[in-house]
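This briefing goes through one structure by topic. Please keep the sequence and coordinates open alongside the text.

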Amino acid sequence: MSEAQTAPASAPEAAAAAVLEALNASDPTGSEALNATVKFVASPEGTALAYGSLVLMALLPIFFGALRSVSCSKSKELGDNDTDSGFRNASEMPETITSRDAARFPIIASCTLFGLYLFFKVFSQEYINMLLSIYFFVLGVLALSHTMSPLMSRIFPTSIPNKQFQLLFTQGSGDAKEEIVNYEFDTKNLVCLVISSVVGVWYVLKKHWIANNLFGLAFALNGVELLHLNNVSTGCILLWGLFVYDVFWVFGTNVMVTVAKSFEAPIKLVFPQDLLEKGLGASNFAMLGLGDIVIPGIFIALLLRFDVSLKKNSRTYFYTSFLAYIFGLGLTIFVMHTFKHAQPALLYLVPACVGFPVVVALIKGEFTEMFRYEETPPEEEAAAVANGDEPEKKKDQ
């Protein structure tokens, strides 16, 4: 994931890293919440409903985020401004994760996680979570708006005029004028923003699990859609690095669990195990951290784009990795319940999501093609076009 957050990286890189790290760092109960031992003794039906719902919710952003990442990639290559896809602003274009980003991410993620742990030890948890609520309110509203945009474009009444707007902030004047913010939107986007704001207010005031999940699904889908690995090798570096990170911080220390339990933010999906007994007011939750969705999800999305690049009208690697994710998540739940102990989900998800597609590639004789496939970061494309060069999109073509 490119989650972590900060290092001598570029601003977009650091931002992507920060979000992704938060997603994973928050999840020691994600891997664990799928794991946590609760005081409430859930019925077998309630447990099955909770975990089944979590698995379904995890699959939705991966599946649709991967599909949208293909459209996003095509929009980037064609240089179009498709309003239906919502990619009219630079901030909504995909961020490319390179092997260098992937290699340093587990270190950055570890520093960030431990920093959060110290913050919660030193400062009042109440005030920290108040600041986090405001921060994630803004992020959640924007993420949910972007998620809803394609649907709104299809159902928006044609009888209502769709006016175009532009939010522009500049600094200086004349030749020294510099753009600070340049955001284009329309009436459809405003409607999405209003609906998302209502959900945001609901979350801030009530912290209701449904509002939490709406924001969590939006974060996960946007992560899978907009965070692009540049090649399969980078994906392997990232996933195996975070494999070690997750195992160490869950089994080796109590840091991740402490942060996860203290961190009140929509960075995990939850579902009540006592829903059948208490209805929507249920309060004993099973949880899955967004890191366990987004990290494998961006790798699965990469394999879908690789499938598309082969031009064989087949989605072999996407479906293989998608089924591998289901297998890995199911295995996590099984081991957790068998041994009654928290399990880092990436311990099972990474070998499955990387191993299954690699085996298929070896069987089909496409192993070399898979590891030669590469996507060009948008900034390099822009530089190449500015120099009059044709950027090389895929090394295998």
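This is a predicted model: local features need pLDDT of at least 70, side-chain atom pairs count only at pLDDT 80 or more; totals for chains, interfaces and linings use all residues.

K207 is partly exposed, with a relative accessible area of 32%. K207 sits in the loop between α6 and α7, and its phi is near 55°, a positive value in a residue other than glycine.

**The α6–α7 loop**

- H208 also belongs to the loop between α6 (187-206) and α7 (209-226).
- Is H208 buried or exposed? H208 is buried, because its relative accessibility of 19% is under the 20% limit.
- K207, at 32%, falls in the partly exposed class, because that class lies between 20% and 50%.
- The side chain of H208 comes to 3.1 Å from the backbone nitrogen of I210.
- Beyond its neighbours within four places in sequence, H208 is in contact with W202, Y203 and L280.

**Helix α7**

- Of the 18 residues of α7, 15 are buried, so the helix is largely enclosed by the rest of the structure.
- The end C-alpha atoms of α7 are 25 Å apart. This agrees with the 26 Å that its 18 residues should span at 1.5 Å a residue.

- N313 has a positive phi of about 55° and is not a glycine.
- Most residues other than glycine have a negative phi.
- N313 is placed in the loop between α11 (291-310) and α12 (316-339).
- N313 has a relative accessible area of 77% and is therefore exposed, the cut-off for that class being over 50%.

- V55 is part of helix α3, which covers residues 44-78.
- With 19% relative accessibility, V55 counts as buried.
- Which residues does V55 contact, leaving aside its neighbours within four places in sequence? They are L329 and I333.
- V55 and I333 are separated by 278 residues in sequence, while their C-alpha atoms are 9.9 Å apart in space.

**Cysteines**

- How many disulfides does the model have? The count comes to zero, with a disulfide taken as a pair of cysteine sulfur atoms within 2.5 Å.
- A disulfide is a covalent bond between the sulfur atoms of two cysteines.
- C192 is buried, at a relative accessible area of 1%.
- C236 also counts as buried, at 14% relative accessibility.

**Chain totals**

- The protein chain contains 15 helices and six strands.
- Of its 397 residues, 54% are buried.
- The accessible surface of the protein chain is about 18100 Å², and carbon and sulfur atoms account for 65% of it.
- Taking contacts in the protein chain between residues at least 6 apart in sequence, 74% join residues at least 24 apart.

**Confidence**

- The average pLDDT of the protein chain is 81, and 80% of the residues score at least 70.
- Residues 1-38 have a pLDDT below 50, and this stretch has 139 contacts in the model beyond near neighbours in sequence.
- Residues 80-88 also have a pLDDT below 50, with 28 contacts in the model beyond near neighbours in sequence.

Key:
Residues are numbered from 1 along each chain as its sequence is written. Side-chain values use heavy atoms; hydrogens and water are left out. Buried means under 20% relative accessible area, exposed over 50%, partly exposed in between (1.4 Å probe, protein chains only). Helices (H or I, at least four residues) and strands (E, at least two) are DSSP runs, numbered from the N terminus. Contact means heavy atoms within 4.5 Å. A polar contact is a pair of N or O atoms within 3.5 Å; within protein, one must be able to donate a hydrogen and the other to accept it, and residues adjacent in sequence count only if both atoms are side-chain atoms. Accessible areas come from the Shrake-Rupley method with a 1.4 Å probe; for residues, only the protein chains shown count as cover. pLDDT is the predictor's confidence in each residue, from 0 to 100. The expected span of a helix is 1.5 Å times one less than its number of residues.
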